[in-house]
Amino acid sequence: MLKKIFTAAVIVAFAIILLKGYGFSGPDQQLNEVAERYAEKGPEEVGAANLVTAVIVTYRGLDTLGEVTILFLTASIIGFFLKTRREDLTAPPQVRKTSEILSTASRIISPIIFLFGAYVFINGHLTPGGGFQGGAIVASGLVLMLLANPLKTVNHKIISVVESISGISFVLLGVLGLVLAAGFLDNAFIGPGRFGSLISAGAIPIIYIFIGLKVGSELSGIVSNLQETQKEEI
Amino acid sequence: MDLLTRILFTILGLFIIVNWGLLMTAIMRKLTARVGRRVGIRWYQPWINLVKLYSNRNSIQHGVMFQLGPVFRLLGGVGIVMFMPLIYGSELFSNFSFAGDLVIILYIKFFGMLGMALGAGEGGHPYSAIGVSRGLSQVTTVELPFTLAIIALAVQYNTLSLEEIVAAQQGGIMNWTLFTNPVATLAALLSMLGIFMHSPFNLHKAPNEIPIGPPTEYHSSYLGILRTNAAILHVIEAILFMNLFFGGATSWPILIVKTFLIYFVSIFVGVVFPRFRIEQSVSWFLRVPLALGIVAIILIL
Amino acid sequence: MVEPIYIVASGLGIAFLLGLFRKTGESLPGLIMLLTLAFMTFVSGQWLISLMFEGGTPQYTYTAGFKPPFSINLLMGQSEAVITTMVNGVGLLGGLYLLDRLKAQGVNSMIVFLLLFVGLNVVVMTRDLFNLFVFLEVSSVAIVGLVLLERSTQSLSAGFKYLLATALISGILLIGIILIYQYAGSLYIDDLVRANLTAVKGGMVAVFLILIAVALELKPFPANGWGLDLYQGAHPGLGALVSGGFATAMVFVLYKLLPMAGGGWQYMMATLGAVTFIGSNLLGIKQGHAKRLLGYSSVGQIGLLMIVVGLSQHLGEALTAIACGLLVSHFLAKSGLFWLAGIIQKDGLRDWAVLRKKPFLLVLFGTFIFALVGFPPFPSFFAKWELIMQLSAAEGFAWAGIVLFGSLLEGIYLFRWLGYSIKLDHQELPSFRLPWQKILPVGISGVALYILGYFATPIASGAGSLSYLPLAFIVLVFLLDFLPARVKNVLSLAGMAFYGYMIMPGLYENDGLRFLFSIIFVIGGILTLLPGFAYTGKRRGFYPAALLMFAGLGQLLTAETLLQFFFAWELMTVGSYILIIRGKRSMRHGYTYMLFSVGGAFLMLAGFGIAYATSGMTSLEALGQVTQWAGWASALIAIGFMTKTATLGLHIWLPGAHAEAESDVSPMVSAILLKAGVFGLLLLFISMGAESAGSKPLFYVLGWLGAITALIANLTAVFQEDAKRLLAYSSIGQLGYILFAFAIMTHVGWLAGFTYTINHFMYKAILFLVVGGIVMRLKTHNMYEMGGLIKRMPYSFIAVLIGIIALSGLPPLSGFAGKWLFYNAGIEKGWYLQGGVVFFSGIIAFLYLYRLIHSVFLGQLKDRHRTVKEISPWFLVPAYVLILGIMAFSANPEWFLKPFGQITAPYFPDSQLTWQSDGTAVGQLGYWNGTQVMAIVMALFVAITLWLIMLNRNAKKVKQFNIVYAAESPETPETTHISYNLYAGYNKALGVLTRPGITGLWNWISEAVTELADQVRRIYSGNGQTYVLHVLTYVVIVYLITTGGL
Amino acid sequence: MEQIGLSHIAITTGILLILTGLWGILTQKNIIKMIIGFSLFDTGIHIVMVGVGYVEGKTAPILDEAVQLKEAARQIVDPLPQAMVLTAIVIGIGITALMLAYALRLYQKNKTLDIQKFNDLKW
């Protein structure tokens, strides 16, 4: 009890610190220097209609690379973390049967989900969304499939090949930016295209496709690994 | 003065000291016996003893150090004589005191003690070792108040030369250290009791327990040397005190009277008090005499 | 020149590529991973060389070519090059080390490994706050992943706790970043530094949150349970990476971000570092688990670096050098230690005794320990020196004190550990495998420490022309350690002789004082090396250590600057420590010796700091130019030296150390080594001067200290049963005299001091040599087990006899000169009571000296010693050479005292000793003619001896037990030889003074510290949730302290 | 404060979520619940991030028909926090997944999810 009171006191103190930090000075009425420049120069420098994408893929491309790396890292860790006891698996797992509706629906919806995911990451530079969102959507399709058929095993080889190839491609595109254009991850080594159309914003759509594939395969890998580990438990 | 004359006079002085020492020993033993209602020895008994010891032909030895023990011992006693000015104002009887001052006398004393201890050690008798350990233990604490008194004197007279100390005490009894610095004198006199190692501070040879202590294994001429040395020591240490505290001596008769009286003090105390155990005597010297010694030092600070 | 971005690109690309190799076996991916790490190391190393040595310009890398703050940029500057090289280097070596583990876990683990280093590189190079966050997360996640290399429950729970804590910390960091963006509108660190955010109300909180998060990543005490658990639970290979790689990078991040905040915050960071440094090292004292201990030590060292970074504004230009020196030492040493832990696979500190089976690992272990504590010739030594100097120069004495105190605490457990591994009694020592790829990284770390130490020398002020020549020779001897002892002995003697030839003529010309000590150090060194011929076998480690000690001693004399002096001092300490701990039961004593040495050295260092600060000089003359706090400086330095001279209170290390050392080591450490402290004190005294008002009380106190030391030590010596212990206490007492004599600070006093110094060197060497020789023959130290050996060892007896006569100060031998000078000096000075105490101690010396010679040589010979031989001539020869020295001094004191007078005259021109034409020395009070006394005594001796021989020419030698024994015949020597507890009565009366009160005090202190450590460490309950609470509470409390309220 | 803006609501909500998450992390003994706490904590931070980037009365930073290319700077909200929040979310996902994987293994080893039971390493 004493500990809880203490904990509460600490949290309250922390809350006060946060409130002081935020200050509630009222929202900004205009953009700061950095954002203003993104808004003004972004379209011509990067050529992406979605400025968030421009920031993510180009201005702060290294963040994105790191972000992809973290997912990749997590997937790899979970891969070697959860996999090793596969041999111990003796009795075939007992699973509750899934409902007819779910399994039927998944067969219909899954391809649409995959397609939707692909759409989202291909159009990342134009519309809300992008590689991550698209990848997540793709992975959610896989989750649906696994829910419908828990005994289904995913082909890890394909996943890892897709994951690796897209990862390497991302890095290589970045290096191409360095070699052919102004710097690492510069998208301008491919012509800018027409602003607002699908083929625009230089290498961004290509990068986003790889990111999408990578994120999708990584999330899928994580989910399927977790799911397989659970199978041994049952 | 050439070296030969000096040596001859030193030997003469030594001869007088030995004989006076033997006589004094006899007188004191006689006195002690009378106090104890005994007859006591004849006055010439010490000479008889010496002659007997030196002429004893039947002798054994335990090894080189055993033999060297008495040599060292006598060296200690004679060494003090060497560096001690005996008669004030007499160039002839100042011996070799030009080679060293009071400090050398203080330290050469230990030479004999160490020699005795070493020789006794090789004798291999357990009583010897016990006696030595007791004797040495006591000596350490005896010397402390004595040293303090000497420091007080050295400061008082601003010299460590015995000759100069004696010189400073000339010209009347009131110039004696006894009166100019009574506290230091008292401290030194009390430690003197330990220096002479008579009762009550004679546990090192406690006759009833470890018959004669360190020299247990010594006999014949070895013992003769030790006895000779004892006679010398009694006198020469009394001379040391005389020189330091009682104005020195300007002639042999004065020397004899003064040394007798000084020596008598220790005999007197010995007759009155029973023997101390070693831890008792050690602590005793670290109490009263040491306190006096420290007071003597504080007075000169 | 390869662009720095390729470090990142290659790492990431290869990591992704490795994903394709998941099914193809592990060897190829392993190789690729190592090659990639090698490439990364190569690139950063290339930049390092270019920027540091070739004057290259820093390189900015802009994402997509846009300038910051609009894009992320990476900077490869000097510091970045250093740090990335270190990080990548540890990655390469660590990868090699962990290769078999990684292979066993599959390609995925290699990916994780590689990504850890990609993350760390970006963390170091990036100049964008959010980017830093992202790649920090990459590193943290990778670490959490690598925890799984070990699959125990322990490592799992450790990893999870780590994950919980870092998730919270990164959350806090993220909040800080977004707030920063809100206020500054930029994430570019340089912008943020310019923005002066702390002036804005909320901006201060933002900066606070970021800095506190970075600080928390450094695992500050006490909010670091999760970090410690990780160190303990994870594979030691990972521990090396976290400690060597991650922590290194994070310290740099702190350095990079701290300028965002103002000065007050930097002090806050330094304070957090100080708390961590002290707290963590304190807790280490109680720790018994090797890896966790390394964790404590790591955290502590990082705390030290936090102090350095926090106080950077006071360190000026020295900052980089200091930080790099500390960082690189910690980095190499700690990784090396973690790797060692992985090789021997023992958790208990005591089990590290197995290292003994592989001496070269033991050497490496010792190297790491010494490097961590900051001994020469490692970079940390120079860095710590410079740190203390700069802190002092900025009057940051409290900080200097904290640094030194924490280092001392660290030394406590590190040296205990080293002692265990060298000497702990261990029943069975299992052997262990040594795969080359595990040894290689450790070896490289060790060697790198030495090499970098050499190059780090110029860091420190006053390094000047520090000579590494003797060290090079020692390395040579070390490499030849496989040769038999005799060959090495010849080599060592040749080296010593050459060294003497190199330094002594110069000293003779210029500096009598140093020449005098060079006689003790060099000639004494040669004489005490001679007994080495009595040993067979290889005596591994002996010669390098002995030479190290002598090299240190020699360099003390040639030192011109404070640093050179301190360098030599520490070399000597290391050498002597190794020598001492070689003894059979020396573990505890070597340890105590080391602790006192380290403590003393740190006090000295603090004193030097004050001297440097107030005089602005680096040369030894600085000691005399202390304008402020002179009393403090002198006292600190004096205490430092007095730990070496074993003055009362600081003496408890000596008896055991000297007594348990090997037979030929005891004379080295007793007769020679102790004089180093004397030399130091002399330098100090000279520079203080007798007349300066501030120093008088100090000398007065030192005089009393010397007197009391002499008294208590001599008294204690009286009651010893162990011959070498007796001599050891005697040394303490003699050093007390020496201290007393020099503290008198008059001409005659110094003459007495020199006389004692040179005499103690001679007779203590004789006594220890002979007693050591006897111990070798008899295999016991206990005197009551000896007796009657005069019959078997007459030459030893004579040597000891002369030794004790000289020691006791009886005329005519040389010891008397000391006594005589004492009387004159003491009375002249007016130190009557102290003088009385000293003389009393001198008389007490008779007791133990008699005990020594009686119990060993006289009395009854034991049955089992009837056939024992005379001690080895290799012990006797040096002893007799020294006897010649004593005899020369005794026969003609002028030869010695006049030069002493010349040495002393410049410092004390008044009241000198005058010499008459016949050789009589005349002081203010007394006079003394050594030559005449010698002649008189010798003449008397001859005469009496002849007389006695004449009288007793027929004396018959009798058998052993033929003594007057109350009509019985004693048969066993054991019952007849009175030796055990010889001075029982004395003990009853005065033994109370020798009760080990001081030892008790030190024991109490050590127990109290240990108990404190034990209580404090209970905050690490093991509960991950509590750890998270600690983290949050830490944030709140630090906030409260920095802002003074909510 | 003149009026309660959208961003204030978002930020207050975010902070409340952060605190709720912290309470969960610090008081729940069940590891899964702690992980949920972390998710809340993360989500709270993400909301705060978005809230900070919001500029009153402006629209998403996508230059389509709704936004004039020339007037973009005056019509859109700050795109940077949005980019950052995306990254943060992904990182959060990674960490959550890792925590869950750990929870799984911890449960398999000790058959418990009580955080207090995993204290064999201490002091």
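Two strands count as paired if DSSP finds at least two bridges between them. Strands (E, at least two residues) and helices (H or I, at least four) are DSSP runs, numbered from the N terminus.

C:Trp915 stands opposite C:Ala921 in S4(C). S3(C) and strand S4 (residues 921-922) of chain C pair in the antiparallel sense, over two bridges. Together with S5 they form an open sheet of three strands in the order S3-S4-S5 (chain C), with antiparallel pairing. Strand S3 (914-915) and strand S5 (927-928) of chain C are at the edges with a single partner strand each, so one side of each has no neighbour in the sheet.

A word on the model itself: it is predicted, local features need pLDDT of at least 70, side-chain atom pairs count only at pLDDT 80 or more, and totals for chains, interfaces and linings use all residues. Residues are numbered from 1 along each chain as its sequence is written, while chains are lettered from A and ligands numbered from 1 in the order in which they are written. The pLDDT is the predictor's confidence in each residue, from 0 to 100. Chain A averages 81, and 89% of its residues score at least 70. Within chain A, confidence is lowest in H2(A), at a mean of 79, and highest in H1(A), at 91.

**Where the chains meet**

Residues are in contact if their C-beta atoms, placed from the backbone, lie within 7 Å. For the classes, Ala, Val, Leu, Ile, Met, Phe, Trp, Tyr, Cys and Pro count as nonpolar, Asp, Glu, Lys and Arg as charged, and the others, Gly among them, as polar.

The contact between chains B and C takes 69 residues from chain B and 60 residues from chain C. On the chain B side, H5(B) gives the most, with 17 residues. The contact between chains A and D takes 47 residues from chain A and 41 residues from chain D. Here H4(A) gives the most to the chain A side, with eleven residues.

The bridge partner of B:Gln61 in S6(C) is C:Lys957.

**A helix pair in chain C**

Helix H17 (residues 397-423) and helix H24 (residues 587-615) of chain C have axes that come within 9 Å and cross at roughly 160°. Axes are lines fitted to C-alpha atoms, for helices over the stretch in contact, and angles run from 0 to 180 degrees between N-to-C directions. The crossing angle makes H17(C) roughly antiparallel to H24(C), a term for angles over 145 degrees. Residues that meet here include C:Gly401, C:Leu404 and C:Phe415 in H17(C), and C:Gly590, C:Met594 and C:Phe602 in H24(C). By class, this contact has 13 nonpolar, seven polar and two charged residues.

**Backbone details worth a look**

C:Pro68 and C:Pro69 are joined by a cis peptide bond, with omega about 5°. C:Pro69 sits in the loop between strand S1 (59-62) and strand S2 (73-76) of chain C. Another cis bond runs from C:Pro376 to C:Pro377, with omega near 5°. C:Pro377 belongs to the loop between helix H15 (359-373) and helix H16 (379-393) of chain C. C:Glu395 is not a glycine, yet has a positive phi of about 60°. C:Glu395 lies in the loop between H16 and H17 of chain C.

Terms used. Two residues are in contact if their C-beta atoms, placed from the backbone, lie within 7 Å. Angles under 35 degrees count as roughly parallel, over 145 as roughly antiparallel, 65 to 115 as roughly perpendicular and the rest as oblique.
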